[in-house]
Each structure stands twice: as structure tokens, then as C-alpha cells.
Amino acid sequence: MGFPETYLWDSREKRCLARQLLSALGGVFSPILFQKIFFQRVSFESTPDGGDVGEQRSSFDDLNWGRLNLVSAQDQVTDQNSWKAMYHEGSRLVRVSCRALPELGIPHGVDNDVSSALIDHYLSVGLPEDGIMTIAVSELMQLAGFHRNGKYREMLSVSLDRLHTTSYEIGGGWRDHPNRRWTTAKFHFIELLEYTHQGESGRFDERTVLRLRLAEPLVASLRSGYTKPLNIEFMQSLSRPRTRIIFRLLDAMRYNPEEPDELTDTYDVGLIQWAELCKLPSARPDTVRRALEGPHQELLRRGYLKNVTVEGRGRQQQLRYEFSPEFTPVSPALLHRLRLHGVTDGVSRQLARQYSSTVLMGRVDLFEYLVQARQLTVRKTAAHALVHLIKNIDQYPDPRKGRVVPSRTSSAAVAARPETEEPPVPTWGEELARMDKEGASSFAMKRVSLLYARKFSVSELDTLRDLMVRGRVDPAQLLEEAYRRLATFDAQGFVDDLKKRLQMDEASQNGHRLPPL
């Protein structure tokens, strides 16, 4: 579940970005700068036939945040400023509490959409170590599945305030997975929140740019790779916030928290404990059942759940969730590796239900080693040969473990894959031409913010983005200059020149393009 399994250099666009940076640096590899390039996210499909349906927007969730569910599964709340939950997970006693400002109430409803969008964005920009990221409000609204109008801007503003001011305390339930320890954590989901606005109103507008920092425990968890796939398009397609929250929680509970490669097809939980996990305000069995009825019906109708059964009476009722096999998530890295050998997504999901990701990765490694060493004959297709090896591993001893596999004759050996010529590196102008003006402007602003971390204030980034949207600064030229200055070790010169250029905006009201850097 580590970082390399989450983001892969795969698509042409991301490879081109990497090559552009290498070209600008004269071929010198810089891991820090590479981390600041957008990574390719490989999607998992949810179609029953397993056919290729095109790349869908897919995301990832933090396994700590997802399993603890710190956003109440309520569409609306009234006068609820805190909650406490206590339940057992195996031999562990987990205590979770939340305290919110009276005027804002506890996180609930659409705060789930906003938190998932922020985690998604943090991952997409390369997991900066300090947890700080910059994003335009318009882009965050799109990531959260919000309509772009004043009503939803206000809704987003209030949601961010709630996530910034609400305090959480988790006792014995926050996983430090690299050290295989359970810890106590206290934090706000958003530790720092800064944004631009017009005048003294303090309200978001179309230009607003945000700078925020995620909580340190969350950043550490994400950077350690303690994540799981999240079908964010499916989640956002669900009709109610409560249903989206319960889907996200159910999807996280499928994973063994101590062995996150282990995935279950069923989940059993007591009704009262489930109410605690959903952070419902009442633990009365009849009230809980009514609150769950609508989400259950939609998740069954949409095919995510295969079945929901309830046994027992009163507070002793037990829920059993059975998940549809079509929604079995596959490790993005594993899906990518299998696709390279022609294995369809449907077959990949079937394999993922039979074997853990670790086992499958090891068998793909063995297959590639045997093919490269010309010790394995591919008689039909690579996909058929690979699947046969996975299912019949006892027939394929591993020579790397001291066991010798007899070499095949050269005529039966697999021919080396012909080298494909790398496509020419597109210019920034060609890359950004695929986006609309606002998208290209946001992309360039974020890239400058990442490459020149903490060098520009949020107000300066707001001004820069606005100049690009209005056509007074060319995003492609800006990025070319930003990378060129890094390559020539003149980063501070770029910062100084761009700051002067932004200051000139106040005096440049005639509509002409500002002078180049």
C-alpha cells in the first residue's frame, strides 16, 4: 500500500512533464522536483463485464480517516456541537471525540465531499511534506462535485471553516502503519486556512485562491502509503450526503487495518456499534434502522451491495453487508502491471478476489523475470501465460531462490519486445492547449507554487492566476521560464522578477500584456 503503488508514471502527459523537467535540468535527476510533478492515477473499473470502458476519475482515501469516519452521516445537523464514540475493534478499545464551534456545528453532510476532495488533491500534487497546498476555489468545487455558483461557494466556505475549527481526539484508533503501532492523535483536519477575497466581506468569489495545510497525523498517514482506492465518481453520483458517507465508511471497512492488502467480501457489525461508527445522533435501534434504510436501498439498487441482512432484536441486532464482486477494488499499481501484459480489468478483479496484492505483484515479477531470461515460452498470449502462472505457481519454480529452470531453446523463447520510439516532447504550449483558459491558469499557478514552495503569498498567486485568466500572462511562457530558471540555478531571480511583475499589475490598467520576465 506504499506510495509507489498509489501513483505511477504511465500516461503520455505525465511522462512528457517528467521529460520536460529532465530536459530543463540538463538530464540531472532531482527526486524532490520529480515528486512535485503530477502523477498518473490508474483507475479501477466497476463494470460487471470487466471490459475496457475508458479511464475514469479514480481517487484514494486515507485508511485512518476512512475507517474512523470523522464526518457525521447526517444530511443536516441542529444544535449539535460535539460527539463521543467508544467501541471495540478486536481487542482494542477505540475512543473518538469531536468538538466544534456552536455557530458551525459538527462536520456532517457535504463535509465528507470536501474532505475527500482535499485528500484527492493532496495526493495529486505529490504529497508535499509540509502538508501545504494551494488551489483555486473553483477547482476545489469541481473536485468536490459542487455546482459553481454563489450558493455552493458559500457552502464550501462554511465546510472549510468547520474542518478547520473542529477538534478531534482519537485514542487507540489512529494507525502508525510503518511502525505497526496504534497511537492517540489530536488534530484539526485543516490546520491552516488562508484565502483571498474581494474587499472586507470575507466571502469567496470566482477568483478566490486557497492555501491550506492538512493535519500532521493525516499527512504522515498519507505519505506512509496507508491508503486505499476510492471510486470517487461513484461516490459523488450517490443522491444524498448520508449515503455518500456510509458508502465511504463501508468501503474502508472492507480493509484489514493491520494488513491493508487483505480485502473482505462481507462485513459484520453490531447495529449500535455501526451507529457509533456512522456518528449518528441517536443509538435507539428503531431510529438507527430508519436512518440506514435509504442508504441501504440506494447502495443495493446501484449494485455496490449484494445483500444486507439484519439478525437479532433490539440493541443486540447484527448487520451483515455483502459486497458485490463487481466493485472489488484493485491496487492501481497491480492493475497497471496486469494491463501491460494484456490482462483485462475483469480478470484482474477476479484475481484480486483470490489473491492478495502482494502475492499477485510477486507473481507478475516472476513472470517478467522468466520472460526476460528466456526461460518461459509464451505460446498463446502474454495475458494467458501470466494468468496460468498466477493460478499454477507450483509449476514455475523461481530461479532467483536458488532453483534452476531449464532454459528453452532459442526458437521457443519469447522474442524481445521491440523498442518503441519515444514521442517528441510537447511544448508547454501544446500541453496547456488541451485545457480551457481557466484550467491552464490554475495548472500553471499550482505548478509555480509547488516548484517555488513558500516563495509566493496566496494573494500573489491569486493575482498571477487572474492575470493568466485575463490573458495578460501566458501560462506556457511562465512555466517554461520557471523550469529554465530552476535548471540554471536562478530560482531566486525568477521569484524576484515575478514578484515585481505582479506588483506592476496595480499600475497596469490599460489592458496591454505585461512585459516578459
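Helices α4 and α6 are roughly perpendicular to each other, a label for angles of 65 to 115 degrees, with those under 35 degrees counting as roughly parallel, those over 145 as roughly antiparallel and the rest as oblique. This is a predicted model, in which local features need pLDDT of at least 70 and side-chain atom pairs count only at pLDDT 80 or more, while totals for chains, interfaces and linings use all residues. Residues are numbered from 1 along each chain as its sequence is written, and side-chain values use heavy atoms, with hydrogens and water left out.

**Helix packing**

- The axes of α4 (residues 111-124) and α6 (residues 150-165) come within 10 Å and cross at roughly 75°, where axes are lines fitted to C-alpha atoms, for helices over the stretch in contact, and angles run from 0 to 180 degrees between N-to-C directions.
- Helices (H or I, at least four residues) and strands (E, at least two) are DSSP runs, numbered from the N terminus.
- On the α4 side the contact (heavy atoms within 4.5 Å) is made by Asp111, Val114, Ser115 and Leu118, and on the α6 side by Leu156, Ser159, Leu160, Arg162 and Leu163.
- By class, this contact of α4 with α6 has five nonpolar, two polar and two charged residues, where Ala, Val, Leu, Ile, Met, Phe, Trp, Tyr, Cys and Pro count as nonpolar, Asp, Glu, Lys and Arg as charged, and the others, Gly among them, as polar.

**Asparagine 112**

- Asparagine 112, found in helix α4, counts as buried at 2% relative accessibility; buried means under 20% relative accessible area, exposed over 50%, and partly exposed in between (1.4 Å probe, protein chains only).
- Leaving aside neighbours within four places in sequence, asparagine 112 is in contact with Val71, Met235, Arg244, Ile245 and Arg248.

**Aromatic residues**

- The count comes to 18 aromatic pairs, a pair being rings of Phe, Tyr and Trp (its six-membered ring) with centres within 6.5 Å, and planes under 30 degrees apart counting as stacked, over 60 as edge-to-face and the rest as tilted.
- Phenylalanine 247 and tyrosine 304 have ring centres 4.8 Å apart and planes at 75°, so the pair is edge-to-face.
- Phenylalanine 247 lies in helix α9 (residues 241-253) and tyrosine 304 in the loop between α11 (285-301) and β11 (305-311), so the pair ties together parts that are 57 residues apart in sequence.
- Phenylalanine 247 is buried at a relative accessible area of 1%, and tyrosine 304 is buried at 1%.
- One aromatic cluster is formed by Trp65, Trp83, Tyr168, Trp174, Phe187 and Phe189.

**Cysteines**

- The count comes to zero disulfides, a disulfide being a pair of cysteine sulfur atoms within 2.5 Å.
- Cysteine 98 is buried, with a relative accessible area of 1%, and cysteine 278 counts as buried at 1% relative accessibility.
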